[in-house]
Amino acid sequence: MMKTTRSLGIPALLIIILGILPLIVPPYYTGLLTLMFIYALFAMSLDILQGYTGLASLGHAAFFGTAAYVAGILNVKVFHGPHLGTELVSGVVAAALTAAILGLIVLRSTGVYLLMILMASSMMLWGIAFKWRSLAGGDDGLPGILRPDLVFMHVDLKQTTDFYYFIFFFFVVGTALMYLVVRSSFGHTLLGIRESESRMKALGYNTWLQKYIAFIVSAAFAGLAGVLLAYYNGFVSPAELHLVNSAEVLIMVILGGVGTLFGPAIGAGIIILIKNIVSGYTEHWMIILGAVYMATVVAAPRGVYRLIESLVKGKSQEEEKSNQ
Amino acid sequence: MDFAITQTINGVVFGMLLFLLAAGLTIILGTMKIVNLAHGSYYLLGGYIGYTVAQRTHSFILACLAGATMGILGMIAYKTVLSKKFARDELAQVLLTFGMLMIISDVCRWVWGGSPLAIPKPDLLAGTIYLGAIVFPLYRLAVIIIGLLILAFVWWFQEKTKYGAIVRAGVDDEEMSQGVGINISLVKTLIFSMGALLAGFAGVIGGPFVGLSTGLDMDILLLAIIVVIIGGMGSLKGALVGALLIGLIDSFGKSLLPELSIFTLFFAMVIVLAIKPGGLFGAK
């Protein structure tokens, strides 16, 4: 009983804090926090695959970028303006569909081989977006994406604060949905596959199908993040599909803690903050970020989330001791 | 017809270059089980260093040797980072080597600038040759010959020498070979270093016709990875067949379907994976 109240209490507290934050911090940081939410969704979606199913991916940007492009192309070339419902659904469905097609081919492979194949596949999509000038704008990208019009709700998404709450809404809903996925019996099946696929097979599970569904679900959430990024930037570029983006989201997951779901959200926040601070000081931010990646492996191989967890638990144990 | 012959030769030349990269990558990935995303960085940095040496000394041979010093960098990377306990996990390797990739990439842009460079061809090979009615640069034919020589050497080393046998034994059964007194850690260091050396050397060899530019490290890494995926991890034969295949598809694809050239490579990979999920010569 105690445990349930506590497990609901922390998220509720966080939602309240994050809800008040844009009223306190300067607009610049509100914008930065908005970006963090988008990447947090992206990183958590990868964790469904990486942490809960045990499928390593260095190509998650494929789904993120595809959704961003589909929403962007609809916005700029088809509707000539925002159309939130259609763009959101189309983007997410496009990401899921890409995963559904790709998954048929690649999910027979595992481990490092799968990691490489997914990386190559996403870079192919990058290559197409980079070259396809007429539809996707080529290497210049696709500018002029307008944010949805929610005036009827008295919300002006051109305002940083209003846009913050708009993204925050999707962040909370997306996080809650992903939490339900990993806590469902399906999520537990995935954990079983991660631990021992042969045992799950022997128990009668169609492990390929479970992995296939996890792949699609994970891609769909990455797609949600991709569509939101298109609105955030007002512009989509091939960089969204690039290996650099895939590697970045992977580091967010590892830095936060593989298989902790909320950890990758923290990882996303940290990486975005570091990138922002460092690029303000030096143009050689790639060297610093590269060093941060390497240091993460050495210093926090199990992730920040578990570090915090063990600190909190360690403390509560001490408290219990002092109470006795 | 002339078109087909020219493109075929171009494809084989590029394939040979890719083989130099993929040979090291496939062994490092397939037998040492290390994901090395910095492999393309050895190619680019080796090429840039070769460029500077060629500028200063006007000697292409010295430039090639300079590129081959990537073997030392590879050795350092393996000894100080990738052989350590924290680098056992594949995700850790991804992060470590991607970190190296970013650092090397930024250093290259810092030192050699962002605009594309090309290493001048050696004077001896600057001319052209007539193959029937087709004019062909001598240099590119030389690349094919160099590739074949290295291929022959690697094969001879692996299959016919005592050291090759030690390497094969070392990767087949690590504990057993340690038991019979093989210094497995030294063997692994040398393999990794050889892979980096070949990649750096390839950067110089490719310098005159592929050029050197920002982002090439990742482009060439991607091609090498596709070669390894198609050929099957750990197979030198696979690396050769895959490299020639990708070289040819790239050469024809770029001239026939320029907008979709990358897609043709992807298509080749998908077909191979659909038929043989472990690659053409993969273990599985």
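From the N terminus on, the elements of chain B follow the order α-α-α-α-α-β-β-α-α-α-α-α-α-α, that is, 12 helices and 2 strands. Helices (H or I, at least four residues) and strands (E, at least two) are DSSP runs, numbered from the N terminus. The model is predicted: local features need pLDDT of at least 70 and side-chain atom pairs count only at pLDDT 80 or more, while totals for chains, interfaces and linings use all residues. Residues are numbered from 1 along each chain as its sequence is written, and chains are lettered from A and ligands numbered from 1 in the order in which they are written.

**Chain B: overall form**

- Chain B has a radius of gyration of 19 Å, which agrees with the value near 19 Å for a compact globule of 284 residues. The radius is taken over C-alpha atoms, and the globule rule is 2.2 Å times the number of residues to the power 0.38.
- The box filled by the C-alpha atoms of chain B, taken along the principal axes, is roughly 60 × 45 × 35 Å.
- Of the 284 residues of chain B, 52% count as buried. A residue is buried if 20 or more other C-beta atoms lie within 10 Å of its own, exposed if 12 or fewer, and partly exposed in between, with C-beta atoms placed from the backbone.
- Among contacts in chain B with a separation of 6 or more, 74% are between residues 24 or more positions apart. Two residues are in contact if their C-beta atoms, placed from the backbone, lie within 7 Å.

**Chain B: helices α2 and α3**

- Helix α2 (residues 39–57) and helix α3 (residues 60–68) of chain B cross at roughly 150°, and their axes come within 8 Å. Axes are lines fitted to C-alpha atoms, for helices over the stretch in contact, and angles run from 0 to 180 degrees between N-to-C directions.
- This angle makes α2(B) roughly antiparallel to α3(B). Angles under 35 degrees count as roughly parallel, over 145 as roughly antiparallel, 65 to 115 as roughly perpendicular and the rest as oblique.
- The crossing of α2(B) with α3(B) is right-handed. A crossing is left-handed if the near helix is turned anticlockwise from the far one by less than a right angle, and right-handed if clockwise.
- On the α2(B) side the contact residues are B:Gly46, B:Gly47, B:Ile49, B:Gly50, B:Val53, B:Ala54 and B:Thr57, and on the α3(B) side B:Phe60, B:Leu62, B:Ala63, B:Cys64, B:Ala66 and B:Gly67.
- By class, the residues of this contact are 8 nonpolar, 5 polar and no charged. Ala, Val, Leu, Ile, Met, Phe, Trp, Tyr, Cys and Pro count as nonpolar, Asp, Glu, Lys and Arg as charged, and the others, Gly among them, as polar.

**Chain B: Tyr139**

- B:Tyr139 lies in helix α6 (residues 138–160) of chain B and counts as buried because it has 20 C-beta neighbours inside 10 Å.
- Leaving aside residues up to four places away in sequence, B:Tyr139 touches B:Lys121, B:Leu125 and B:Pro208.

**Chain A: overall form**

- Chain A has 14 helices and 2 strands.
- The radius of gyration of chain A is 20 Å, in agreement with the value near 20 Å for a compact globule of 324 residues.
- The C-alpha trace of chain A spans about 70 × 50 × 45 Å along its principal axes.
- Of the 324 residues of chain A, 49% count as buried.

**Chain A: packing against helix α10**

- Helix α8 (residues 185–195) packs against helix α10 (residues 207–233) of chain A at about 115°, with the axes 10 Å apart, in a left-handed crossing.
- A:Thr189, A:Leu190 and A:Ile193 of α8(A) meet A:Thr207, A:Gln210, A:Lys211 and A:Ala214 of α10(A); these residues divide into 3 nonpolar, 3 polar and 1 charged.
- Helix α3 (residues 61–78) of chain A packs against α10(A) at about 50°, with the axes 7 Å apart, and the two helices are therefore oblique to each other.
- The crossing of α3(A) with α10(A) is right-handed, and its contact has 11 nonpolar, 4 polar and no charged residues.

**Contact between the chains**

- In the contact between the chains, 38 residues of chain A meet 32 residues of chain B.
- The elements of chain A that give two or more residues to this side are α4 (84–106), α5 (111–131), α11 (243–256) and α13 (285–299), and α5(A) gives the most, with 14 residues.
- The side of chain A that touches chain B divides into 29 nonpolar, 7 polar and 2 charged residues.
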